[in-house]
Structure formats: C-alpha cells, structure tokens
Amino acid sequence: MADIINPENEGDLQAQIEEVEALSSIYGDEWCVIDEASRIFCIKISNDLEEPKLTACLQIILPPDYPSTAPPIYQINAVWLRGPERAKLANSLEDIYVEHAGESILYLWVEKVRDFLVEKSQNSETDEEMPPIKHGNPITDRRSTFQPHLAPVVTPRQVKMVLEKLYENKKIASATHNIYAYRIYCEDKHSFLQDCEDDGETAAGGRLLHLLQILDVRNVMVVVSRWFGGILLGPDRFKHINNCARNILVEEGYTASMDDATKSGVKTKRPKGKKTK
C-alpha cells in the first residue's frame, strides 16, 4: 500500500495511522475497522446513560489528503436523528473542521456526537410531564397511620418523577414505609409494564400490585405511606394498605365503585406464627 501512496500524502497517511491507533486505544470495542485499505472506520457512540439509552454509529472515510487539506467523509446512522437535528449536528461537525483545519479532528467529532446525545437525552427527560399527584384520606389504627397517594403514569420515567416529588415532602419522606405499585399498558405490545416495592414492609408491594391487577386498572401508580405507631397490627396492616389504595382508586375514577372492588375479593390469609408489625 505504501508503494502507491502519493509522496505528497505520506505525511497525511502517517497522521491517519497515529490518529486511528489513538482512537482504537481510547474507545476499545466501540471502534471498528471496516476496510483499512480504503481507510473506512466506524465507531458506536452512546450517551452513557441508563435511560433513555441513545446510540449513534459514526462511519468515517479518510481521504488521502486528510488532515492536511480535506475533511473526513462521514455518515451518521441513528434512527432518532432526523431533519433539523441532523442538520444541527452536521453544522457542529463542520464548525469543528473549519476551526481545526489541517489538524486531526476525529476525537473532537466523536465527543461532539456524544455531547449531542447527552443533550438530547436530558431534553427528553425535561420534556416529560410531571404527573399530577392526588393524596387520599388517611386511615389510623392503633396509632399507625396509612395514607394513599395516586398519580397517572405512562412511562417508568414518570414513576421515578412521582417518587422524587413525594420524597420532597418531609412527612412522606419520614414514613416508616412507602409502599408502591404501578401498571402501565403498552398498546404496541398489548402487554403491561408493572412493578412494585415493599420498602421494608415484606410482601406489601406484591399485594398492592395484585390489587391493581384484579381491579384491572392501567396507567396508574399508587403509593401508600405508613407511619408505624409502636403497636404491632399483624395482618390488619395489609388490609389497611389495600383499603387505602382501593379508596383512592375509586375516588379518582379508576374503578367504578367500592362494590366492584369488594367483589374482587381482596383478602389476606392470617399467617401462622409470631405476630409482626
């Protein structure tokens, strides 16, 4: 290959070799050689966030006179990148080339694409609406108090937002347990995304989720806060948690009536053995 290289481009070829070696070292498995003879490379770039996870594939062709007099030829493959966003990113890459004309710029391009992904992810999170939260009437038994909270949710991100908002309330944050469950209906998959949390009250989250399932409610999250009053309630605590949740679901119109909920037969068996709080 060296025999057919124009002597004028030898400096460029050496610069390319050194730049590719550096990028391969920095990015590891993310960096891919497609055709070394034709100087075609690819790198998979992500925003490094768990959610939402965005990725893009930057394919690069290095012309013989890069970096001295020509820019890299590139293509960005990303299903989420369209229209104005693609043009904005292309302009950013062009600005980098103009600002660093004659220099090796691939690292700057890769990190610019990554910054673009992170910014888009953050904007997506910001754009997601904070659901309204309703607070139900508390139930008190032997100095233990149970209070339900309800919010409409359609994404796991909204579930997280609701929890963060609730925990901003010092009283709720100080509860002995904040048990929750949610069900989100995914129309495209005709299935439910659902989960629950005991928050230290063993089996309470699963029972709460079971209540949501037998009432067949969807796109809703219920949190029940419990402040322990020092007296053990045994299985009555599960009854109060579910009654709280059922009451607020009825009040907010997620289930038709108390009668319908009662017909669902939400009962808990009294466990044998020692009494728990």
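**Salt bridges**

The count comes to 9 salt bridges, where a salt bridge is a side-chain nitrogen of Lys or Arg within 4 Å of a carboxyl oxygen of Asp or Glu. This is a predicted model, in which local features need pLDDT of at least 70 and side-chain atom pairs count only at pLDDT 80 or more, whereas totals for chains, interfaces and linings use all residues. Residues are numbered from 1 along each chain as its sequence is written, and side-chain values use heavy atoms, with hydrogens and water left out.

One of these bridges joins Arg142 to Asp141, with 3.0 Å between the closest N and O atoms, and both residues belong to a salt-bridge network that also includes Asp236. For accessibility, buried means under 20% relative accessible area, exposed over 50%, and partly exposed in between (1.4 Å probe, protein chains only). Asp141 counts as buried because its relative accessibility is 17%, while Arg142, at 32%, counts as partly exposed.

Another bridge is formed by the side chains of Glu168 and Lys165, at 3.4 Å from N to O; here Glu168 is exposed at 58% relative accessibility, and Lys165 is partly exposed at 44%.

Asp216 and Arg183 also meet through their side chains in a salt bridge, at 3.8 Å from N to O. This pair links distant parts of the chain, 33 residues apart, with Asp216 in the loop between helix H6 (204-214) and strand E10 (220-227) and Arg183 in strand E8 (residues 177-186); helices (H or I, at least four residues) and strands (E, at least two) are DSSP runs, numbered from the N terminus. Arg183 is buried, with a relative accessible area of 7%, whereas Asp216 is partly exposed at 46%.
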